[in-house]
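Here's a quick tour for anyone just starting out with protein structures. Have a look at the picture first, then work through the points below.

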2 protein chains.
Amino acid sequence: MLDGLARPGRGRIVKNRLKVLRAERDWSQQDLAQRLEVSRQSVNAIETGRYDPSLPLAFRIAALFDMPIEAIFTPD
Amino acid sequence: MLDGLARPGRGRIVKNRLKVLRAERDWSQQDLAQRLEVSRQSVNAIETGRYDPSLPLAFRIAALFDMPIEAIFTPD
DNA sequence: ACTCAATGTCTAGGTTGCTTTACATTCTTG
DNA sequence: CAAGAATGTAAAGCAACCTAGACATTGAGT
């Protein structure tokens, strides 16, 4: 069987509630970054929608806030 | 304030139940790839644990199987 | 045995995720 | 206004995700 074709543009940009969850706890982006063990710029980039987190990072975020991934991220 | 330090090695490798879910439906990797609009190699690589899907792709997988992400992927 | 679908793996190349460094802007508080 | 804290961005570089194409092996039919 022939290998399948797949379109070039992968789906992207998942909305998230990070900024709100962070505000509820009065954490700075820096605070959150340290708890997630990523850089502050990564937190900022995710919050401002420049890119999506990896799946492992999404799991760390969900664990930190003790919520399912779907309660924080939505595929818009 | 100084920018924070972050460790080099990012967390990776999330276990998944793709192969089982696929078998339950009697889908080939190719079938699944088409439904997800990714290449067959991507499906195979994810199943064999060579890499994790992106968050957007994880959402597409969860939507396809009508399950929460956490029911398919676990951060080991 | 032959054929063909299915799977596993490899290469090469492009795009995204994440890092460090650095700088500008905004907001608060003295 | 001055000084710091928080935030937004940008560039360069490396690692991870994803692609198309190709090839080898395995298993199921016929």
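## The core and what surrounds it

The largest nonpolar core holds 40 residues, and the ones touching the most other members are A:Leu55, A:Ile69, A:Phe73, B:Leu55, B:Ile69 and B:Phe73. The elements giving two or more residues to this core are H1, H2, H3 and H4 of chain A, along with helix H1 (18-25), helix H2 (29-36), helix H3 (40-47) and helix H4 (55-65) of chain B. Keep in mind that this is a predicted model.

- Pick B:Ile69 and see who it meets: in chain A, it touches A:Leu55, A:Phe59, A:Ile69 and A:Glu70.
- In chain B, B:Ile69 touches B:Leu55, B:Ala58, B:Phe59 and B:Ala62, if you leave out residues up to four places away in sequence.

**Chain A at a glance**

- Chain A has 4 helices and 2 strands.
- If you walk along the sequence of chain A, the pattern reads β-α-α-α-α-β.
- Chain A has 76 residues, and 38% of them are buried.

**Helix H3 of chain A**

- Helix H3 of chain A covers residues 40-47, and its buried residues are A:Ser42, A:Val43, A:Ala45, A:Ile46 and A:Glu47.
- Those buried residues pack against strand S1 (15-16), helix H1 (18-24), helix H2 (29-36) and helix H4 (55-65) of chain A.
- Just after H3(A) comes A:Gly49, which takes a positive phi of about 75°.

- A:Ile46 sits in helix H3 of chain A, and it counts as buried because its relative accessibility is 4%, with the cut-off for buried being under 20%.
- Leaving aside neighbours within four places in sequence, A:Ile46 is in contact with A:Asn16, A:Leu18, A:Tyr51, A:Pro53 and A:Leu57.
- A:Ile46 and A:Val14 are 32 residues apart in sequence, yet their C-alpha atoms are 9.3 Å apart in space.
- Is A:Glu47 buried or exposed? A:Glu47 is buried, with a relative accessible area of 16%.
- A:Glu47 is also in helix H3 of chain A, where it touches A:Asn16, A:Leu18, A:Lys19, A:Arg22, A:Gln29 and A:Leu32, not counting residues up to four places away in sequence.

**How H2 and H4 meet in chain A**

- H2(A) and H4(A) pack at an angle of about 110°, and their axes are 10 Å apart.
- That angle makes H2(A) roughly perpendicular to H4(A).
- H2(A) brings A:Leu32, A:Arg35 and A:Leu36 to the contact, while H4(A) brings A:Leu57, A:Arg60, A:Ile61, A:Leu64 and A:Phe65.
- Sorted by class, the contact of H2(A) with H4(A) has 6 nonpolar residues, no polar ones and 2 charged ones.

**How H2 and H3 meet in chain B**

- H2(B) and H3(B) pack at an angle of about 110°, with 8 Å between their axes.
- So H2(B) is roughly perpendicular to H3(B).
- The crossing of H2(B) and H3(B) is right-handed.
- From H2(B), B:Gln29, B:Gln30, B:Leu32, B:Ala33 and B:Leu36 meet B:Arg40, B:Val43, B:Asn44 and B:Glu47 from H3(B).
- By class, the contact of H2(B) with H3(B) has 4 nonpolar, 3 polar and 2 charged residues.

**Helix H3 of chain B**

- In H3(B), the buried residues are B:Ser42, B:Val43, B:Ala45, B:Ile46 and B:Glu47.
- The cover over those buried residues includes strand S1 (15-16), H1, H2 and H4 of chain B.
- After H3(B) comes B:Gly49, with a positive phi near 75°.

**Positive phi away from glycine**

- Most residues other than glycine have a negative phi.
- A:Asp26 has a positive phi of about 55° although it isn't a glycine.
- You'll find A:Asp26 in the loop between H1 and H2 of chain A, and it is exposed, with a relative accessible area of 68%.
- A:Glu37 isn't a glycine, but it has a positive phi of about 60°.
- Look for A:Glu37 in the loop between H2 and H3 of chain A, where it counts as partly exposed at 43% relative accessibility.

Technical notes:
Residues numbered from 1 in each chain as written. Chains lettered and ligands numbered in written order. Predicted model: local features only at pLDDT ≥ 70, side-chain atom pairs only at ≥ 80, totals over all residues. Heavy atoms only, no water. Buried < 20%, exposed > 50% of the residue type's maximum accessible area, 1.4 Å probe, protein only. Contact = heavy atoms within 4.5 Å. Core = buried A, V, L, I, M, F, W, Y, C linked by side-chain atoms within 4.5 Å. Axes fitted to C-alpha atoms, helices over the stretch in contact; angles between N-to-C directions. Parallel < 35°, antiparallel > 145°, perpendicular 65-115°, else oblique. Left-handed = near helix turned anticlockwise from the far one by under 90°. Nonpolar A, V, L, I, M, F, W, Y, C, P; charged D, E, K, R; others polar.
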